[in-house]
Amino acid sequence: MTRKQKRLSVIAGGLAFLGAATGLTFYALGQKASYFYMPADLTTASLQPGQRIRLGGLVEKGTIERGQGTAVAFSVTDNQKQVKVTYTGILPDLFREEQGVITEGTFRPDGVFVADSVLAKHDENYMPKEVADGLKSKGVWQESKSD
Amino acid sequence: MVETGHFALVLAFALSLVQALVPLFGARINSQKMMAVGGPVAVTGFALTALSFAALATAYATSDFSVANVWDNSHSLQPLIYKITGTWGNHEGSMLLWVLILSFFGALVAAFGSNLPATLRATVLAVQGAIGATFLLFILATSNPFARLNPAPIEGRDLNPILQDLGLAIHPPLLYLGYVGFSICFSFSVAALIEGRIDASWARWVRPWTLVAWMFLTGGIAMGSYWAYYELGWGGFWFWDPVENASFMPWLAGTALLHSAIVMEKRSALKIWTLLLAILTFSLSLLGTFLVRSGVLTSVHAFATDPTRGVFILCILTLFIGGSLALFAFRASSLTAGGLFHPISREGALVLNNLFLTTATATVLIGTLYPLVVEAVSADKISVGAPFFNLTFGPLMVPLLVAVPFGPLLAWKRGDIFAVAQRLMAAFAAALLAVLVTALFIDGASVFAALGVGLAFWLICGALTDIAVKSGLGSVAPGIMLRRCAGLPRSVFGTALAHLGLGLTTLGIVGTLCFGTEKVLSMHAGETVQLSGHTLRFEGLYPAQGPNYSEDRGRFALLGADGSTTAEITSSKRSYPVRQMTTTESGIKTIGFSQLYLSLGDEATDGSVVVRLWWKPLVTLIWGGGLVMMAGAAMSLMDRRLRVGAPSRRRKSAGAVPSASLP
């Protein structure tokens, strides 16, 4: 091979590598990114069965039920709709009634959301941003709640 | 004192403007006097910033609640160490620390840069001054840490309990030393572009700064990872959280820079690429600062959100990244290309390293920014988490790790891949043995787990092979070999140590992810539980009182084979009354390189307590490997040719002579 051909083949190899990496990245984004919904959004959103989503809202008052062992069930609400969530494991320290929460998991066929992770806020000033934005857009957010 | 601090900060801002303009202009018109201004101004600016920082730290240490920032983030009952570390446990204070470290590096260039060509030194200091000026303006205009409250409150609002930990004393300073350390590489690159000249000696000046920054960034990330691991009580060491990615991207790019700077220094090749990498690395540091400080991301790091700050940092970001890249586009063509090499050579291996690392950086960047972009254009909220990164970052890293042991053994210019493969036979055999032992003798080992262990051993043994081969193993007598080994350049040991550390970290990750076990259960006092051969007995909950919190301590006894207690592990639920926050303190018992990790959950009505237990095999190697990598960087820094003050043979010609290649 001449020097020019060599250089071209190196460049072609590099481009093929970058192309493969880019393809993989966007494939993974399509497959692995999980969408965020509030309970009221769910009626309009078309979910694939078994699709992982993040569900956020407030923990509805009086709905926290502790089951066997570490199982727990509660409702997530945006003051328009509620979704029942089940979770097995340790809840975050700041998980409380009427506080913002984000759960991640999938829907069971009977409409119960099975979460495998539950996130609450990091400190008393902070509401998960998605939840705060979602509540604001639904007009049920009171600014004083953030204080 | 507080007003002194504020005043010192304003003076530092004025001086940084002088530092940004006068030496730069002096270098253009070749005025020695104007160029000489840069050094003293940089040192004075550092002293003033340090004074300002000391003023804030004093206000924190003495609990001066008339300062709004102290009131918001401190409490008189906090232990003194957390009062002091609270200085940077908030937005304003942490930005001040950022600028302090920036001016510290500027002062270092001023102090130790006497062997730099005068115009280069002046231009570097000017760029450094410009960065300092914008960030000082940012602090003064949007994030003043010295604002007073009148009347002064009697008591403060306490520091976020999650931050009341020794980790806050170590993680942010180390991380910032890393982040901001890359500003020197950036300033050198911009200076080289302005001057239109770059050569091997430029790389010799830049490489030690890259090493220093990389060393601290490695430590900062490792420390942050360990802190999150034990503090958050989730037992994970890396979450692919956008804020973690913000520090990981400069690390990946910085690692690439570290390697390409070698090529430039030794072979005078890859000049333009190295320059671009230096710009990109610091740009990613700035982007990280923006992501963490602007409030576009929510995390434990986002102390408070104020939109004006976000816009301000975005402007700084645009100015420096856009400006430097535009300068690069205009001026890069004026730089001459360097030495040629065969694809299979040390240079080729380092190019491969760069290709993989920059691609990996790009995937992390895309994964981190994609949710922000999607939200901006479609209002859909999505999150990109571990599954994405495992699918993209993983496949990119594996071939790179496989290639690592080959690199240092290949010759410069034209290497012999078969000869190198032959030398690596022993390492390969060891890796193969590790795979077989794992697959055959460890219960529940998957194929991936066995291959992962093999990969780790391949890296570790490959690093050792590098030293053995360069000492002449097998070809010379043991005595001569030892003498040769002692005579090897420190940078050879540095490389081997860093690669060894990488192997150890890999082993730790594979061990924890593939062989770790976990149990969640509710326990009554007196009950025992088995986990991976360890027996734990729950002794019960005991209330206790701390300086500014009360806690329930869950006491656990680790039982020996005969049923006697061999160790006690405590995990507690702490309640901080001021912020009305609860935190979980995990209980950790280190056994060899592995850890038994337990964290307490809620108390049920029947008096039982939810307990989460993990057995994490080899987990400490993850951070131990980071320490070994740091040691490698420190070793390389001690190399004769990089040591500060070592006689430099090429000091007069700023120039044309490429350095001789080492054997």
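Chain B of this predicted model has a mean pLDDT of 88, and 94% of its residues reach 70 or more. There is one stretch to treat with care. Over residues 644–663 of chain B, pLDDT stays under 50. The model still has 22 contacts beyond four places in sequence for that stretch. Where pLDDT is low, the predicted coordinates should not be read in detail. For the model as a whole, the scores are ipTM 0.77 and pTM 0.90.

Next, the contact between the chains. Chain B gives 36 residues to it, and chain A gives 30. On the chain B side, the elements that give two or more residues include the helix α13 (346–378) and the strands β1 (381–383) and β2 (517–523). The largest share, six residues, comes from α14(B). Sorted by class, this side of chain B has 18 nonpolar, 13 polar and five charged residues.

Strands also pair across the two chains. Strand β1 of chain A, residues 34–37, pairs with β1(B) in the antiparallel sense, over three bridges. One residue pair to look for is Phe36(A) and its bridge partner in β1(B), Lys381(B).

Where does Arg490(B) lie in chain B? It lies in helix α19, which covers residues 490–515. Arg490(B) counts as partly exposed because 18 other C-beta atoms are within 10 Å, and buried would take 20 or more. Leaving aside neighbours within four places in sequence, Arg490(B) is in contact with Met635(B), Ser636(B), Met638(B) and Asp639(B). Leu637(B) is 147 residues from Arg490(B) along the chain, yet their C-alpha atoms are separated by 8.1 Å.

Key
Residues are numbered from 1 along each chain as its sequence is written. Chains are lettered from A and ligands numbered from 1 in the order in which they are written. This is a predicted model: local features need pLDDT of at least 70, side-chain atom pairs count only at pLDDT 80 or more; totals for chains, interfaces and linings use all residues. Helices (H or I, at least four residues) and strands (E, at least two) are DSSP runs, numbered from the N terminus. A residue is buried if 20 or more other C-beta atoms lie within 10 Å of its own, exposed if 12 or fewer, and partly exposed in between; C-beta atoms are placed from the backbone. Two residues are in contact if their C-beta atoms, placed from the backbone, lie within 7 Å. pLDDT is the predictor's confidence in each residue, from 0 to 100. Ala, Val, Leu, Ile, Met, Phe, Trp, Tyr, Cys and Pro count as nonpolar, Asp, Glu, Lys and Arg as charged, and the others, Gly among them, as polar. Two strands pair if DSSP finds at least two bridges between them.
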